[in-house]
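User: Hi, I'm new to protein structures. Could you walk me through how to read this one?

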Amino acid sequence: QVQLVESGGGLVQAGGSLRLSCAASGRTFSTTTMGWFRQAPGKEREFVANIRWSTGSTYYANSVKGRFTISRDNGKNTVYLQMNSLKPEDTAVYFCAATRTGTGAYDYWGQGTQVTVST
């Protein structure tokens, strides 16, 4: 099993920044890609960004490209999401997730952390 714990959410004004962290523990060697997702009230969960542990290659949703940066620290088994130029529409619960090696499916999820961007 893999455990994921997010931190770093909070309340910020529009135009501000936040950095989310996701600490992975357990059988982390069985994971390939780490991703961030978000879910706003009344909306479906949506993909934000992901990063591969081995290569560091990244992929972003168009809505956050150029504003958010995903990174990882393999030694700490931690993934970060640096969020700049935040907008009210970025308000959501942000979830960290990991894919199981061999399946490509996001099988492991954290509990989520709230990000609220005020006008």
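Predicted model: local features only at pLDDT ≥ 70, side-chain atom pairs only at ≥ 80, totals over all residues.

User: How many helices and strands does the protein have?

Analyst: Helices (H or I, at least four residues) and strands (E, at least two) are DSSP runs, numbered from the N terminus. Here you get zero helices and eleven strands.

User: How compact is the protein for its 119 residues?

Analyst: You can check the radius of gyration, taken over C-alpha atoms, against the globule rule, 2.2 Å times the number of residues to the power 0.38. The protein's radius is 14 Å, close to the 14 Å from the rule for 119 residues, so it is as compact as a globular protein of that length. Its C-alpha trace spans about 40 × 25 × 25 Å along the principal axes.

User: What percentage of the residues count as buried?

Analyst: Buried means under 20% relative accessible area, exposed over 50%, and partly exposed in between (1.4 Å probe, protein chains only). Of the 119 residues, 45% count as buried.

User: Now the rings: how many aromatic pairs are there?

Analyst: Rings of Phe, Tyr and Trp (its six-membered ring) pair if their centres lie within 6.5 Å; planes under 30 degrees apart are stacked, over 60 edge-to-face, and the rest tilted. This structure holds five such pairs. Take Phe 37 and Phe 47: the centres are 5.7 Å apart and the planes at 75°, so that pair is edge-to-face. Phe 37 sits in strand β4 (residues 31-39) and Phe 47 in strand β5 (residues 46-52), ten residues apart. Phe 37 is buried at 10% relative accessible area, while Phe 47 is partly exposed at 24%.

User: And how do the rings of Phe 37 and Trp 109 pair?

Analyst: Their centres are 4.9 Å apart with planes at 55°, so this pair is tilted. Trp 109 lies in strand β10 (residues 106-109), so the pair ties together parts 72 residues apart in sequence. Trp 109 is partly exposed, at 33% relative accessibility. Phe 37, Phe 47, Tyr 59, Tyr 106 and Trp 109 form one aromatic cluster.

User: Which rings does Arg 45 lie over?

Analyst: A charge sits over a ring if NZ of Lys or CZ of Arg is within 6 Å of the ring centre and within 35 degrees of the ring normal. Arg 45 lies over the face of Phe 95, 4.0 Å from the ring centre, and its charged end also sits over the ring of Trp 109, 4.6 Å from the centre.

Methods. Residues numbered from 1 in each chain as written. Heavy atoms only, no water.
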